[in-house]
Amino acid sequence: MNEPPGDTRERLPILYADEHLVVVNKPSGLLVHRSPIDRHERRFAVQLLRDQLGRRVFPVHRLDKGTSGALVFALDRETAARLAADFANRRVTKTYLAVVRGWPAEYGEIDHPLEAVPDAYSPAAESGPKPARTLFRRLGTVELPHRVDRYPTSRYALVELEPDTGRRHQLRRHLAHVSHPIIGDSTYGKGRHNRLFAELFGVQRLLLACVRLEFAHPVTGTSLLIDAEPGADFTALLARFGWPPAAPAASRIVNPASP
């Protein structure tokens, strides 16, 4: 995995690597693999990592194009199948950071079934909504002296998110469902708030990042905890608002008010 001298090809930051799997920090705006939905795109995480390592890689889960953060690849088919099963069977804990409109409760749970969202890889959506559950914890708030809606100021919050299920676009759809859409979300968000962040802070991305993965190594069984920075632009915004730059040490969101 050593880089040859003078190699100027684009490289993905590697967070963890061994002979079975590699975890990279995917930047916002990068597709995991080729998609007919974005036919104009010529950059894909699968291709970049394959060229970077000089070998075939197998993606085992997905991050949306706009979402940055920890992304796992297997280096062989057997490991890929094991990891994919772990993700599908909720044996992987995923922690995200997001900036949302409004001030949600300090802790909460969004339990709201979601219809399947078809794409090029699963075009036939299953009939009926499927269970979907997301835990959240509010980490910080800010109030900006700018009128966007009917109020003279606008409120925003930093939240930590833990999806208990893995529906497509789950976090984006769940936050929109509870009227706290993620900033920068052009599909489920609010354009006026997205434009405000673009104008004031130069934010041109979805402010959602997978900052931690916890799972058992599919071959050795060793517990792995992998942290990922949310990206330079995201981190700069957190610093501007005085918000914590990464997920707290606690690995699971637990509502202290719960019985």
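**Reading the fold, from contacts to helix faces**

User: Among contacts in the protein between residues at least 6 apart in sequence, what share join residues at least 24 apart?

Analyst: A contact here means heavy atoms within 4.5 Å. In this protein, 66% of the contacts between residues at least 6 apart in sequence link residues at least 24 apart. Keep in mind that this is a predicted model, where local features need pLDDT of at least 70, side-chain atom pairs count only at pLDDT 80 or more, and totals for chains, interfaces and linings use all residues. Residues are numbered from 1 along each chain as its sequence is written, and side-chain values use heavy atoms, with hydrogens and water left out.

User: How many helices and strands are there in the protein?

Analyst: Helices (H or I, at least four residues) and strands (E, at least two) are DSSP runs, numbered from the N terminus. This protein has five helices and 10 strands.

User: What percentage of the residues is buried?

Analyst: Buried is under 20% relative accessible area, exposed over 50%, and partly exposed in between (1.4 Å probe, protein chains only). Of the 259 residues here, 46% are buried.

User: Which residues have the most contacts inside the largest nonpolar core?

Analyst: A nonpolar core is a set of buried Ala, Val, Leu, Ile, Met, Phe, Trp, Tyr and Cys residues joined through side-chain atoms within 4.5 Å. The largest one has 45 residues, and Leu49, Val72, Phe73, Leu161, Leu208 and Phe215 have the most contacts inside it. Leaving aside residues up to four places away in sequence, Phe73 touches Leu21, Val22, Val24, Ala45, Val46, Leu49, Val57, Phe58 and Pro59. There's also a second, separate core of 20 residues, with Val142, Val148, Phe201 and Trp243 among its members.

User: Now helix H2: which of its residues are buried?

Analyst: Start with length: the expected span of a helix is 1.5 Å times one less than its number of residues. H2 (residues 77–88) has 12 residues and reaches 16 Å from first C-alpha to last, close to the 16 Å expected. Its buried residues are Thr79, Ala80, Leu83, Asp86 and Phe87. They sit on the same side of H2 because they cover an arc of only 125° around the axis, the arc being that of the directions from the axis to the C-beta atoms. The face turned away from that buried side carries exposed Arg77, Glu78 and Ala88.

User: What do the buried residues of H2 pack against?

Analyst: Five strands: S2 (21–26), S3 (58–59), S4 (68–74), S5 (93–101) and S9 (208–216). As for the helix ends, Asp76 caps the N-terminal one, with a side-chain oxygen 3.2 Å from the backbone nitrogen of Glu78. Just after H2, Arg90 takes a positive phi of about 65°.

User: And in H4, which residues are buried?

Analyst: His193, Asn194, Leu196, Phe197 and Phe201. They cover an arc of only 155° around the axis, so they lie on the same side of H4. They pack against S5, strand S7 (133–144), strand S8 (154–163) and helix H5 (232–241).

User: Which residues does Asn194 touch?

Analyst: Not counting residues up to four places away in sequence, Asn194 touches Ile182, Ile183, Gly184, Asp185 and Ser186. A polar atom of the Asn194 side chain lies 3.1 Å from the backbone oxygen of Asp185. Asn194 has a relative accessible area of 15%.

User: Is His174 buried or exposed?

Analyst: Buried, with a relative accessible area of 0%. His174 is in helix H3 (residues 170–177).

Key: Polar contact = N/O pair within 3.5 Å; in protein donor to acceptor, adjacent residues only side chain to side chain.
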